[in-house]
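Here are my notes for you to read with the model open. Take the points in order and find each residue as you go.

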Amino acid sequence: MRILLVGAGGTLGGAVNRALVERGHEVIGVGRSGGDLVCDVTDPEAVARMYGQAGPLDAVAVAAGDAVFGPLTELSADDFAATFRGKALGQIELVRQGARHVAETGSFTLVSGILTEEPIVAGSAASAANGAVEAFVRAAAIELPPRRINAVSPTVAEESLPAYGPFFAGMEPVPASRVATAYVRSIEGAQTGQVYRVR
């Protein structure tokens with residue numbers, strides 16, 4: 001399959017990239033500042049240009065999303081807006097436009113996260129955005145067939161503990177390679193409207 005992978009240069013994206021390449025897929029990596037294609041997925045015009053450059057696709061997968069962390073009473077309206085753009089709206093735009101570029105038998109795999117179900121202090125914006133992603137996946141699944149759409153919802157990756165460990169006290173991390181297996185399941189499988197939780 002020919003797969004567009006957004007966030008291919010990140011910790012999770014790198015693991016997903018390796019897993020897909022090892023299984024014989026062609027991966028087109030997308031990043032904000034590097035990769036096979038460069039794109040800010042929060043900009044609809046940039047997304048349109050990216051799809052024009054990418055050519056025919058069998059799947060689109062997302063392994064990146066920005067969120068602002070901080071105490072609820074200290075987060076601004078702009079912090080929430082930035083989190084929704086970075087985690088939810090960008091992914092929705094990839095699907096909205098991508099439905100015209102992905103093969104009829106193709107799929108979309110988005111990313112949410114454990115904070116949808118297990119909130120933490122300072123994570124309210126991320127929890128809200130993750131919940132929006134999962135709700136969108138369920139809704140889009142009834143309109144996209146025969147194309148499929150799923151989400152992967154991981155806990156914190158072991159490799160990300162130096163940066164995010166303090167936020168996830170008491171939560172057991174998992175290797176990014178384990179999270180990558182859920183992407184393989186979503187892309188190569190037959191289910192749609194699912195949230196694959198990796199804990």
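1. Start with Ser153, whose bridge partner in strand 7 is Arg197. Strand 6 and strand 7 (residues 195-198) run parallel and share four bridges; two strands pair if DSSP finds at least two bridges between them. Helices (H or I, at least four residues) and strands (E, at least two) are DSSP runs, numbered from the N terminus. A word on the source: this is a predicted model, where local features need pLDDT of at least 70, side-chain atom pairs count only at pLDDT 80 or more, and totals for chains, interfaces and linings use all residues. Residues are numbered from 1 along each chain as its sequence is written, and side-chain values use heavy atoms, with hydrogens and water left out.

2. Strand 6 also pairs with strand 5 (residues 102-111), again parallel, through five bridges. Look for Val111, which has Val152 as its bridge partner in strand 6.

3. Is strand 6 buried or exposed? Seven of the seven residues of strand 6 (residues 148-154) are buried, so the rest of the structure largely encloses it. Buried means under 20% relative accessible area, exposed over 50%, and partly exposed in between (1.4 Å probe, protein chains only). In a regular strand the side chains alternate between the two faces of the sheet. Here both faces are covered: Arg148, Asn150, Val152 and Pro154 are buried on one side, and Ile149, Ala151 and Ser153 on the other.

4. Now go to Arg147, in the loop between helix 4 (124-140) and strand 6. Arg147 is buried but has no salt bridge, and the nearest side chain of opposite charge, Glu104, is 5.0 Å away. (Lys and Arg count as positive and Asp and Glu as negative; His and the chain ends are not counted.

5. The whole structure holds seven salt bridges. One of them joins Arg197 to Glu117, with the closest N and O atoms 3.2 Å apart; Arg197 sits in strand 7 and Glu117 in the loop between strand 5 and helix 4, 80 residues apart. Arg197 also meets Glu134 in a salt bridge (3.1 Å, N to O), and Glu134, in helix 4, is 63 residues away in the chain. Glu134 is buried, at 3% relative accessible area. Through shared partners, salt bridges join Glu117, Glu134, Arg197 and Arg199 into one network.

6. Last, the rings: there are two aromatic pairs. Rings of Phe, Tyr and Trp (its six-membered ring) pair if their centres lie within 6.5 Å; planes under 30 degrees apart count as stacked, over 60 as edge-to-face and the rest as tilted. Phe69 and Tyr164 have ring centres 6.3 Å apart and planes at 55°, so this pair is tilted. Phe69 and Phe167 are also tilted, at 5.0 Å centre to centre and 35° between the planes. Phe69, Tyr164 and Phe167 make up one aromatic cluster.

How values were computed: A salt bridge is a side-chain nitrogen of Lys or Arg within 4 Å of a carboxyl oxygen of Asp or Glu.
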